[in-house]
Amino acid sequence: MRPDLVLVRELIEESPVISARPGAGVPTAWIRAAESAVGTLPPSYRWWLTEYGSGTSAGARIATVAPPGTRSAGDDDITGGWRLDGDRLCFCAEPDGGDTYHFALDRQAGGEYAVVRRDRVSGQEELVADTFAGFLTVQVALSNGFGAGPSSGLARLWRSTPGVLLPNGVLIYGPHTIIERNETYQVVEYAPDWVLIGDDSGGSGLFMRRLPCNRTTVYLLDLGAGEQDIDSCGVSEKLTDNLLDWLRHNGIQEGRATTEGARES
């Protein structure tokens, strides 16, 4: 999924685990100069640079760009000679010689590069996210105790973007808002095996079973229904078995809109 930059901004500015200064971005000319040295940077990272310039995620510094012809950013400069290693570009390093995070330049989709974590001892790599925005999202999810995500479908989405807002009003939550939404609607009390992953802006919520579970179905249910067995209560509506594909088609499946809001639009 393409990162929703409005929701990425909310994630950054509402999450204590990410430190950044709005309005402290670097000029586009600096970014272009850096790209002449390391290659094209992914769109969501370019956006971060123009909006914030520099910052940290979970205490690890995120690389910035220095003015052309200088090295004023020192070791934080994305063009530092040690950062580009074949088809890996290190954009974030944990303090005290910890693990490092790299753009996998050989794994591109929609202009974004996958993010891998490299173990400082073994050198082994692990896929962390599909985009830079997803990297930030996963960091916030981990800090909030979700692991990759509270459901399999949401975990896959968060690897790209901290939520989605569709034209029909359907909103899928990010890790910075999902706890508050589930507490507000007392989901843990009346449906402890389920998680509210979003809403349709019309009084109904989107629900998935919590991990550990390999079920991927999303159901629509009135937020005031208070049903424990959402998948068999008789008043819920099955929306999709594939959250990402459903979102890519703007919440439309089998030629019809699947929420009341979409039917009316």
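Helices (H or I, at least four residues) and strands (E, at least two) are DSSP runs, numbered from the N terminus. The model shown in these close-up views is predicted.

**View A. Helix H2 (residues 28-38) and the glycine just after it.** The buried residues of H2 are Ile 31, Ala 34, Glu 35 and Val 38. Around the helix axis these residues span an arc of only 105°, so they lie on the same side of H2. Arg 32 and Ser 36, on the other side of H2, are exposed. The cover over the buried residues of H2 includes helix H3, strand S4 (84-85) and strand S5 (88-93). Just after H2 comes Gly 39, which takes a positive phi of about 100°.

**View B. Crossing of helix H1 (residues 5-14) and helix H3 (residues 43-51).** Two packed helices are described by the angle between their axes and the distance between the axes. For H1 and H3, the axes come within 12 Å and cross at roughly 55°. H1 is therefore oblique to H3. The crossing of the two helices, H1 and H3, is right-handed. From H1, the residues Leu 5, Val 8, Arg 9 and Ile 12 meet Trp 47, Trp 48 and Glu 51 of H3. Sorted by class, this contact of H1 with H3 has 5 nonpolar and 2 charged residues, and no polar ones.

**View C. Crossing of H3 and helix H4 (residues 132-143).** Here the axes come within 6 Å and cross at roughly 75°. H3 is therefore roughly perpendicular to H4. On the H3 side the contact is made by Ser 44, Tyr 45 and Trp 48, and on the H4 side by Phe 132, Ala 133 and Leu 136. The residues of the contact of H3 with H4 divide into 5 nonpolar and 1 polar, with no charged residue. The buried residues in H3 include Ser 44, Tyr 45, Trp 47, Trp 48 and Leu 49. H3 is followed by Gly 53, with a positive phi near 80°.

View D. Thr 131 counts as buried because its relative accessibility is 2%. Not counting residues up to four places away in sequence, Thr 131 touches Met 1, Pro 3, Ser 44, Glu 112, Tyr 113, Val 115, Arg 159 and Ser 160. The C-alpha atom of Thr 131 is separated by 25 Å from that of Thr 217, the two residues being 86 residues apart along the chain.

**View E. Ala 148 in the loop between H4 and helix H5 (152-158).** With a relative accessible area of 47%, Ala 148 is partly exposed. Neighbours within four places in sequence left aside, Ala 148 is in contact with Ala 141, Ala 155 and Trp 158. Ala 148 and Glu 183 are 35 residues apart along the chain, and their C-alpha atoms are separated by 20 Å.

**View F. Asn 182 in helix H6 (residues 178-184).** Asn 182 has a relative accessible area of 6% and is therefore buried. Leaving out neighbours within four places in sequence, the contacts of Asn 182 are Val 187, Val 195, Leu 196 and Arg 210.

**View G. Ile 230 in the loop between strand S13 (218-222) and strand S14 (237-240).** Ile 230 is buried, at 0% relative accessibility. Apart from neighbours within four places in sequence, Ile 230 is in contact with Ala 191, Trp 194, Phe 207, Tyr 219, Leu 221 and Ser 236. For Ile 230 and Tyr 219, which are 11 residues apart in sequence, the C-alpha to C-alpha distance is 7.4 Å.

**View H. Asp 96 and Ser 201, with positive phi.** Most residues other than glycine have a negative phi. Asp 96 has a positive phi, near 60°. Asp 96 lies in the loop between S5 and strand S6 (100-109). The relative accessibility of Asp 96 is 77%, so this residue counts as exposed. Ser 201, also not a glycine, has a positive phi of about 60°. The loop that holds Ser 201 runs between strand S11 (194-199) and strand S12 (204-209). Ser 201 is exposed, with a relative accessible area of 58%.

Key: Residues are numbered from 1 along each chain as its sequence is written. This is a predicted model: local features need pLDDT of at least 70, side-chain atom pairs count only at pLDDT 80 or more; totals for chains, interfaces and linings use all residues. Side-chain values use heavy atoms; hydrogens and water are left out. Axes are lines fitted to C-alpha atoms, for helices over the stretch in contact, and angles run from 0 to 180 degrees between N-to-C directions. Angles under 35 degrees count as roughly parallel, over 145 as roughly antiparallel, 65 to 115 as roughly perpendicular and the rest as oblique. A crossing is left-handed if the near helix is turned anticlockwise from the far one by less than a right angle, and right-handed if clockwise. Contact means heavy atoms within 4.5 Å. Ala, Val, Leu, Ile, Met, Phe, Trp, Tyr, Cys and Pro count as nonpolar, Asp, Glu, Lys and Arg as charged, and the others, Gly among them, as polar. Buried means under 20% relative accessible area, exposed over 50%, partly exposed in between (1.4 Å probe, protein chains only). The arc is that of the directions from the helix axis to the C-beta atoms.
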